[in-house]
Amino acid sequence: LRGLSDMRVSEFRNNRGTSLRAHRHDWAKTSEAEGYKQLNEQLRQCEPWQFCLSANAHGRVHGILIDSVFYVVWLDPYHRLYE
């Protein structure tokens, strides 16, 4: 997390590394087609992202990006959102 905290937003958005695997959600391809339905309408309009903190293929952190802050919405230890 420390290294991630030092990244610029542009670095995060454009990171194509195999360890971070950061990308926006395509809700139509997920098990949650309605997106972050537990959030209010204003927050649901924010950029939905996910990233990985481990070197393996499992576990993701899902959230929204507002300005230069990533707000965690949920943790997905088994990466089930894209099953």
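1. Val61 sits in strand 3. Helices (H or I, at least four residues) and strands (E, at least two) are DSSP runs here, numbered from the N terminus. The model is a predicted one: local features need pLDDT of at least 70, side-chain atom pairs count only at pLDDT 80 or more, and totals for chains, interfaces and linings use all residues. Residues are numbered from 1 along each chain as its sequence is written, and side-chain values use heavy atoms, with hydrogens and water left out.

2. Val61 is buried, because its relative accessible area is 8%. The cut-offs are under 20% for buried, over 50% for exposed, and partly exposed in between (1.4 Å probe, protein chains only). Leaving aside neighbours within four places in sequence, Val61 is in contact (heavy atoms within 4.5 Å) with Trp49, Gln50, Phe51, Leu53, Phe70, Val72, Trp74 and Leu75. From Val61 to Tyr71 the C-alpha distance is 9.7 Å, at a sequence separation of 10 residues.

3. Which residues make up the largest nonpolar core? There are 8: Leu4, Phe12, Leu20, Ala22, Trp49, Phe51, Val61 and Leu65. A nonpolar core here is a set of buried Ala, Val, Leu, Ile, Met, Phe, Trp, Tyr and Cys residues joined through side-chain atoms within 4.5 Å. In soluble globular proteins, nonpolar side chains tend to be buried together.

4. Take Ala22 from that core. Beyond its neighbours within four places in sequence, Ala22 is in contact with Phe12, Asn15, Arg16, Trp49, Gln50 and Phe51. Another core, of 6 residues, lies apart from the largest one; among its members are Trp27, Tyr36, Leu39 and Leu81.

5. Now the largest pocket. Its space is about 300 Å³. Of its 15 lining residues, Leu4, Ser5, Ser68, Val69 and Phe70 are the closest to the centre. On a 1 Å grid over the protein atoms alone, a pocket is an open set of points where a 1.4 Å probe fits, with protein on both sides within 12 Å along at least five of seven lines; lining residues have an atom within 4 Å of a point. Grid points are joined across faces, edges and corners, and the volume is the space filled by probe spheres set on the points.

6. What supplies the lining of the largest pocket? Helix 1 (2-5), helix 2 (9-14), strand 3 and strand 4 (69-76) each give at least two residues. Strand 4 has the largest share, 3 residues. By type, the lining divides into 12 nonpolar, 2 polar and 1 charged. Ala, Val, Leu, Ile, Met, Phe, Trp, Tyr, Cys and Pro count as nonpolar, Asp, Glu, Lys and Arg as charged, and the others, Gly among them, as polar.

7. The cysteines deserve a check. Cys46 is buried at 19% relative accessible area. Cys52 is also buried, at 3%. With a disulfide taken as a pair of cysteine sulfur atoms within 2.5 Å, the count is 0.

8. Asp67 is not a glycine, yet has a positive phi of about 55 degrees. Asp67 lies in the loop between strand 3 and strand 4 and is exposed, at 67%. His79 also has a positive phi, near 55 degrees. His79 falls in the segment after strand 4 and is buried, at 18%.

9. Finally, Glu41. It belongs to helix 3 (residues 41-44). Glu41 counts as exposed because its relative accessibility is 52%.
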